[in-house]
Amino acid sequence: MHTFSLQPEARVYIGAVHAHGHAHDHEHQAVPSDPALRTKALESLLVEKGLVDPAALDTLVDAFENKIGPRNGARVVARAWVDPEYKKRLLVDGGSAIAELGYAGSQGEHLIAVENTPQVHNLVVCTLCSCYPWAVLGLPPVWYKSAPYRSRAVIDPRGVLREFGLELPEETEIRVWDSTAEIRYLVVPERPVGTENLSEDDLAALVSRDSMIGTAKVFAPKPKP
Amino acid sequence: MNGIHDLGGMHGMGPIVREENEPVFHEPWEGRVYAITRAIGAFGKWNLDASRHAIEMLPPADYLRMSYYEKWLARNIGLLIRHGIITREEIETGKAATEAAPALRRLSAAEAAAHANRRDRYSRPDAAAVARFVVGDRVRARNMNPEGHTRLPRYARGKQGVISRHHGIFVFPDTNAHFQGEQPQHLYSVRFAARELWGDEASPRDCVHLDLWDPYLDHA
């Protein structure tokens, strides 16, 4: 059992602001300032109390490091590109369509796929927190959760896309999806020209995470010299 | 609440910093915080909305300063203390003060893989709620400023949009976050023209869609 002795100054106080009268604890909460130590203290405590199994934590970490990630979404997109019937089903009922490929996890139940076309470009954000389609994209990158992206994606989507190296013509309609409820959004990027002969697996390999958030396009592989 | 978490439309937050080949977790502790969050969520003592609200309650300066998983860690500790599962003294000493653990669901290693893929359901199709709007209706988001949790961002309040999709009936975060019941309500995708939200400088073609519950809206 590890113990951690803490200096008073090495504390971060949370929960200090609580103005609206709901029945909560109003006291400050003191915890050590170093997150790695604090996490270790918390895990040890929960394990000691018999509330958490460290092996279960290992499994959860492994699932998101190795199994649930943007490769899942890329397979969905590639299938939609090669199979028009699948694409129809995906656009009508995203949750069921990703379940066909075996993806239907946390935050994936209410999934809506939005399709990019030459006229419409979709961009996904969560201005209020960090909602993201875990089942098909895994956990979000830091920039997606950051204040700069969350603040600007809705007011200046063209500027944001420019920062990602994507300049869209004035005529293109940009549709921003702010994930304010439990609906999750997956962008189906445009299939690049010159990929007619690629296999579904090769197509999936082209589909980047960012293209399924809407901050990138998908490009055909450069011809081999 | 009109909190710092409601970031949409703010200026001055700086450039978007991207990282090539970003790992899922930058440090082992981040993965542990994520996994602990899922494991303690399985206790069923609080819900997703309460959990979000706990992060919104962080002091604004801390909210902006702390990394994502630091916020999750602070939130987890706060929720565990608030719900009487651990004490402040225990987290400060890292040592359990009481032997008897509260009777809570302990996620086993065998369950964890399925739990990672668990379907969280927030739709309540059988709930009795009246839909006041249909697709195509012009609506105005209410100018409301509740001190508690809400999912109607400030930037859309008072603005006019059009119902573009009816999602069904869903748990209402404004009550659920405060343990006042799920009180399910109809949920819609509402399309707001960029110019309605941001003025004439915005592109005449662009729009923002928000998912908004029936009580957030009035007929325009």
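**View 1. Burial in chain A.** Buried residues account for 51% of the 225 residues in chain A of this predicted model (buried: 20 or more other C-beta atoms within 10 Å of the residue's own, with C-beta atoms placed from the backbone). Chain A holds 11 helices and six strands (DSSP runs numbered from the N terminus: helices H or I of at least four residues, strands E of at least two). The model is predicted, with pLDDT of at least 70 needed for local features and 80 or more for side-chain atom pairs, while totals for chains, interfaces and linings use all residues. Residues are numbered from 1 along each chain as its sequence is written, and chains are lettered from A in the order in which they are written.

**View 2. The seven-stranded sheet.** An open sheet with mixed pairing runs E4(A)-E5(A)-E4(B)-E3(B)-E2(B)-E1(B)-E5(B) (strands pair if DSSP finds at least two bridges between them). E4 (120–125) of chain A and E5 (217–219) of chain B are the edges; each has a single partner strand, so one side of each lacks a neighbour in the sheet. On average, neighbouring strands are turned by 35° against each other, direction ignored (axes are lines fitted to C-alpha atoms).

**View 3. Strand E4 of chain A.** E4(A) pairs with E5(A) in the parallel sense over six bridges. Val124(A) lies opposite Trp177(A) of E5(A). Five of the six residues of E4(A) are buried, so the rest of the structure largely encloses this strand.

**View 4. E3 and E4 of chain B.** E3 (residues 185–193) and E4 (residues 207–213) of chain B pair in the antiparallel sense over seven bridges. Ser189(B) has Asp211(B) in E4(B) as its bridge partner.

Key
Axes are lines fitted to C-alpha atoms, for helices over the stretch in contact, and angles run from 0 to 180 degrees between N-to-C directions. A residue is buried if 20 or more other C-beta atoms lie within 10 Å of its own, exposed if 12 or fewer, and partly exposed in between; C-beta atoms are placed from the backbone.
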